[in-house]
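Here is a short report on one protein model. Keep the sequence and the 3D view open as you read.

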Amino acid sequence: MLEKLRERLQAHRPSRLSGVHPQAAVLLPIVARAEPTLLFTQRTAHLSQHAGQVAFPGGKREPEDSDLLTTALRETREEIALAPERVEIIGRLSDVFSLYGLRVTPFVGVIAPDLPLVAEPGEIEAIFEVPLRHFLDDCRSHTDVIPVDDRPWYVPSYPFEGRTIWGLSAMMLVELLAVGFECDIALDRKPAQGELRYHPQRRRSIAARPDRSS
């Protein structure tokens, strides 16, 4: 499974968002178990942004970061004590634009099972894993329909053991599933079945547009 994923991601040409925006990067850590899993964090409840939410490890780019991969690995080490040398980067996904005006770049990496990870108590409430099969089997509870600049995006919401993977993390997951595992899933297409939950219209800067030239 992971070898095919590696091949497909290396052949993938992710889109980038153009325009001048604050940058951030996250790591999608795949744990190389016999049944592979994805590693997530749950933010602490007292944070001013993303309080209590499930997310991939990562954060804002700092001036000393040489590139966005450095950002993703540095933030991951700070949040869960995962050393960069323990991560095999196998690909990059398309930029996504957050509600807070950040251009977020996701990287996909493979890590060994049972590493001695430690949650940074000021930011991270918990570190947990979800079997990849949970997403491959499309175990969504519903789909959030989010109109952005008059265009609907169909974002799945995945419950797992009392937590929910949704929003920006779910958007990244859709591309991982579609590209890496050839699943019939897309953000710009209504799913064949299931509940749709409609959200208010959102606007983003006209400068934040996909750029597939690079």
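Which strands does helix H4 lie across, and at what angle to E11 does it run? The answer comes with the sheet below. Note that this is a predicted model.

## The helix on the strands

Helix H4 covers residues 167-180. It lies across E11 and E12. Against E11, helix H4 runs at about 95 degrees.

## The four-stranded sheet

E11 and E12 belong to an open sheet of four strands. The order is E12-E11-E10-E13, and the pairing is mixed. Strand E12 (163-165) and strand E13 (196-198) are the edge strands, as each pairs on one side only. On average, neighbouring strands of this sheet are turned by 30 degrees against each other, direction ignored.

What holds paired strands together? Strands of a sheet pair through backbone hydrogen bonds, either parallel or antiparallel.

Strand E10 (residues 142-148) and strand E11 (residues 151-160) show the antiparallel sense. Seven bridges link this pair.

## A buried aspartate

Now turn to another part of the chain. Asp65 sits in the loop between strand E5 (58-60) and helix H2 (68-80). Is Asp65 buried or exposed? Its relative accessibility is 6%, so Asp65 counts as buried. The cut-off for buried is under 20%.

Which residues does Asp65 touch, leaving out those up to four places away in sequence? They are Lys60, Thr70, Thr71 and Arg74. With Thr71 there is also a polar contact, side chain to side chain, at 2.8 Å.

Technical notes:
Residues are numbered from 1 along each chain as its sequence is written. This is a predicted model: local features need pLDDT of at least 70, side-chain atom pairs count only at pLDDT 80 or more; totals for chains, interfaces and linings use all residues. Side-chain values use heavy atoms; hydrogens and water are left out. Two strands pair if DSSP finds at least two bridges between them. Helices (H or I, at least four residues) and strands (E, at least two) are DSSP runs, numbered from the N terminus. Axes are lines fitted to C-alpha atoms, for helices over the stretch in contact, and angles run from 0 to 180 degrees between N-to-C directions. Contact means heavy atoms within 4.5 Å. Buried means under 20% relative accessible area, exposed over 50%, partly exposed in between (1.4 Å probe, protein chains only). A polar contact is a pair of N or O atoms within 3.5 Å; within protein, one must be able to donate a hydrogen and the other to accept it, and residues adjacent in sequence count only if both atoms are side-chain atoms.
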